[in-house]
Amino acid sequence: MKVGIVGSGMVGSAAAYALVLLGVAREVVLVDLDEALARAHAEDILHATPFAHPVWVRQGGYADLEGAKVVILAAGVAQRPGETRLQLLDRNAQVFAQVVPKVVRAAPEAVLLVATNPVDVMTQVVYRLSGLPPGRVVGSGTTLDTARFRALLAEHLWVSPHSVHAYVVGEHGDSEVLVWSSAQVGGVPLGAFAEARGRPLTEAVRRAVDEGVRQAAYRIIAGKGATYYGIGAGLARLARAILTDEKGVYTVSAFTEEVEGVALSLPRLLGAQGVEATLRPPLAKEEQDALWRSAEILKEAAATLGF
């Protein structure tokens with residue numbers, strides 16, 4: 001199966017590399033305004049295939065996206081040190097106004113997987129520009145934030161992160177909501193498991209985990225200028241869920257009419273048609289209030305663009 005990637009910068013190339021290492025696709029096409037950059041990344045990643053999976057990796061134009069089942073949108077400008085994701089909005093919306101119509105013309109049946117920040121508002125922009133059903137436009141959303149939350153809880157509890165079931169919902173950004181109230185480990189409520197392990201979740205621990213999740217991107221950008229490995233792996237994993245019709249649950253962003261009519265992240269069932277169902281984890285009142293505040297922030301940001 002073919003996966004297209006529009007934008008061959010750090011995130012797009014990391015996603016392509018992860019697709020090859022995980023053997024997600026049979027063909028990966030890199031499209032970029034800088035054709036030399038896309039060609040160089042394609043050639044470099046192709047040379048990794050003997051050590052991973054037999055994937056045809058190449059540079060191409062928009063026409064080469066024909067037949068792609070998934071197109072990852074990673075075009076746009078990067079987040080600067082100290083800049084919030086929402087401050088990126090106007091610059092990247094202008095880029096997408098040029099990119100999205102070309103992608104839809106070339107691959108009208110593809111699920112569009114949005115990676116560009118601010119990803120929730122950009123997901124809404126792509127939904128409006130593409131004319132596709134809302135489920136066919138999927139933002140990476142809080143997929144990475146959820147992974148960070150689970151990893152930090154697992155580290156504290158001395159347990160595999162695969163056994164931790166906890167979500168981050170709302171904006172992929174400063175107003176995101178860590179859902180502590182319904183988190184579980186191996187089917188056991190989080191608090192009870194922590195006590196049984198002798199690793200209680202004190203207020204200090206909760207604050208440290210919250211800060212570790214919420215500030216991760218800022219720390220990484222300050223240290224090396226951009227984040228790309230984590231989100232690249234996350235995009236490859238989401239692409240596999242779509243290509244294999246997995247019906248797995250991921251906290252991805254999609255346009256949600258019931259929550260103030262914005263795109264934001266909730267646990268969603270991901271399959272061949274993109275988002276096939278939205279789940280509603282039990283939320284404590286303060287979490288529900290925080291989710292509504294997050295939705296309002298995103299709604300105001302989208303409104304500035306006329307979306």
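In these legends, contact means heavy atoms within 4.5 Å of each other. The structure is a predicted model, in which local features need pLDDT of at least 70, side-chain atom pairs count only at pLDDT 80 or more, and totals for chains, interfaces and linings use all residues. Residues are numbered from 1 along each chain as its sequence is written, and side-chain values use heavy atoms, with hydrogens and water left out.

**Figure 1. Phe-96 and its contacts.** Phe-96 touches Leu-73, Ala-75, Pro-101, Val-114, Thr-116, Met-122, Val-125, Val-126 and Leu-129, leaving aside residues up to four places away in sequence. Phe-96 is also among the residues with the most contacts inside the largest nonpolar core, together with Val-6, Val-71, Leu-73 and Leu-112. A nonpolar core is a set of buried Ala, Val, Leu, Ile, Met, Phe, Trp, Tyr and Cys residues joined through side-chain atoms within 4.5 Å. Buried means under 20% relative accessible area, exposed means over 50%, and partly exposed lies in between (1.4 Å probe, protein chains only).

**Figure 2. The largest nonpolar core and a second one.** The largest core has 40 residues. Elements that each supply at least two of its residues include β4 (70–73), α3 (89–106), β5 (111–114) and α4 (119–130). Helices (H or I, at least four residues) and strands (E, at least two) are DSSP runs, numbered from the N terminus. Helix α3 gives the most to this core, with seven residues. A second, separate core of 37 residues includes Val-20, Ala-25, Val-28 and Ala-241. In soluble globular proteins, nonpolar side chains tend to be buried together.

Figure 3. All five of the five residues of β1 (residues 2–6) are buried. Lys-2, Gly-4 and Val-6 lie on one side, Val-3 and Ile-5 on the other, and both faces are covered. Two strands pair if DSSP finds at least two bridges between them. Strand β1 pairs with β2 in the parallel sense over five bridges, and Val-31 in β2 is the bridge partner of Val-6.

**Figure 4. Helix α1 and its packing.** The 13 residues of α1 reach 18 Å from the first C-alpha to the last, close to the 18 Å expected at 1.5 Å a residue; the expected span is 1.5 Å times one less than the number of residues. Among its buried residues are Gly-12, Ala-16, Leu-19 and Val-20. The buried residues of α1 pack against elements including β1, β2, α2 (35–46) and α9 (229–243). Gly-23, which follows the helix, has a positive phi near 65°.

**Figure 5. The hairpin of β8 and β9.** Strands β8 and β9 (residues 188–189) pair in the antiparallel sense over two bridges, with Val-185 opposite Val-188. Two residues lie between the strands, and Gly-186 takes a positive phi near 55°.

**Figure 6. Backbone features in two loops.** In the loop between β5 and α4, a cis peptide bond joins Asn-117 and Pro-118, with omega about -5°. Asp-245, in the loop between α9 and β10 (248–256), has a positive phi near 50°. Asp-245 is partly exposed, with a relative accessible area of 32%.
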